[in-house]
Amino acid sequence: MIEARHLRVLRAVAATGSFSAAARELGCTQPAVSQQMKALESSAGTPLLIRTGREMRLTQAGEALVRHASGILAGLTAAEEEIAAIAGLRAGRVRLVSFPSGSSTLVPTALAALRAEHPGTRVSLVEAEPPRSVEMLREGDCDVALAFRYEGAQAAEDWDDLVVRPLFADRLVGLVPEAHPLAGAGSVTIDAFADEPWIAGCPRCRRQLVEVCRGAGFAPRIDFATDDYPAVVGLVSAGLGVAVLPELAIESVRPKGARTVTVEPPVRREIVALTLPDLAQVPAVGATLDHLAKAATR
């Protein structure tokens with residue numbers, strides 16, 4: 001019989017490429033990983049790994065088992081949580097992953113309300129930008145992912161296999177230094193910044209910026225790029241360039257020395273909460289989704 005703990009070890013070995021790296025990730029010893037892999041291969045009745053010197057790769061059977069492991073482990077987690085709720089423990093655990101501007105705006109409000117209503121529910125939070133956060137959900141490393149995708153983006157993600165809770169549309173706004181000629185403008189078209197140096201954000205936002213500018217007939221000259229929104233604001237405030245940021249990011253940072261302007265035509269990103277179909281039936285996960293939705297209507 002294949003055991004869940006053995007599947008977790010196999011997935012770690014496949015992700016890291018070695019027993020020693022998997023042991024470090026799982027917080028155990030290399031011999032323990034080796035023993036569990038031997039037990040799993042014995043249960044499967046066929047080799048799952050091919051060892052060639054220091055390298056290790058999956059056999060066809062190993063690839064198939066890894067492909068099914070995430071769904072199996074997610075299903076087990078859902079079963080454990082639902083059984084605990086049915087048994088009347090009034091306890092639950094939710095692993096939430098969020099992008100940074102969501103962590104500082106939506107998440108605190110949602111989790112405070114969740115704790116007040118369900119004090120026995122424990123929520124852990126880690127930060128990751130999509131698509132990595134969505135990968136974590138599919139791999140069974142979180143239960144809820146707060147994510148976003150840009151409307152009309154060429155490389156829009158496919159979420160058909162996930163439960164999608166739409167939260168709101170987050171509009172992008174221009175950010176310019178206070179002394180900029182357009183600082184007092186009510187609204188501008190993005191090509192008004194065609195000759196400006198740009199401060200770009202996260203890789204996904206950077207790609208979207210390039211797409212939007214290309215659609216307006218120019219290629220942005222990106223002088224600086226950073227995943228840190230306060231750093232973007234600081235660089236703009238120092239007069240080093242202009243930027244386009246989501247309103248949610250502006251809300252999370254006080255833009256001292258910079259002014260926001262409305263960009264036309266509007267560019268928006270869709271903010272959503274995602275989970276797996278099995279996990280959506282878990283009461284603690286459902287409550288988390290509900291409170292994220294309420295926080296989005298503030």
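Start by selecting helix 2 (residues 19–26) and helix 3 (residues 30–44), whose axes come within 8 Å and cross at roughly 105 degrees. Axes here are lines fitted to C-alpha atoms, for helices over the stretch in contact, and angles run from 0 to 180 degrees between N-to-C directions. Helices are DSSP runs of H or I with at least four residues, strands are E runs of at least two, and both are numbered from the N terminus. Helix 2 is therefore roughly perpendicular to helix 3, a label for angles of 65 to 115 degrees; under 35 counts as roughly parallel, over 145 as roughly antiparallel, and the rest as oblique.

A note on what you are viewing: this is a predicted model, where local features need pLDDT of at least 70 and side-chain atom pairs count only at pLDDT 80 or more, while totals for chains, interfaces and linings use all residues. Residues are numbered from 1 along each chain as its sequence is written, and side-chain values use heavy atoms, leaving out hydrogens and water.

Now show the side chains where these two helices touch. Phe-19, Ser-20, Ala-22 and Ala-23 of helix 2 meet Gln-30, Val-33, Ser-34 and Met-37 of helix 3, contact meaning heavy atoms within 4.5 Å. By class, this contact has five nonpolar, three polar and no charged residues. Ala, Val, Leu, Ile, Met, Phe, Trp, Tyr, Cys and Pro count as nonpolar, Asp, Glu, Lys and Arg as charged, and the others, Gly among them, as polar.

Look for Arg-8, Val-9, Ala-12, Val-13 and Thr-16 on helix 1, and for Phe-19, Ala-21, Ala-22, Glu-25 and Leu-26 on helix 2. Seven nonpolar, one polar and two charged residues make up this contact.

Then select Val-144, Leu-167, Leu-175, Trp-198 and Leu-274, the residues with the most contacts inside the largest nonpolar core, which has 69 residues. Such a core is a set of buried Ala, Val, Leu, Ile, Met, Phe, Trp, Tyr and Cys residues joined through side-chain atoms within 4.5 Å; buried means under 20% relative accessible area, with a 1.4 Å probe and protein chains only. Helix 11 (residues 283–296) gives the most to this core, with seven residues. Another core of 18 residues lies apart from it, including Ala-12, Leu-40, Val-66 and Ala-69.

Finally, zoom out: the protein chain has eleven helices and twelve strands.

Terms used: Buried < 20%, exposed > 50% of the residue type's maximum accessible area, 1.4 Å probe, protein only.
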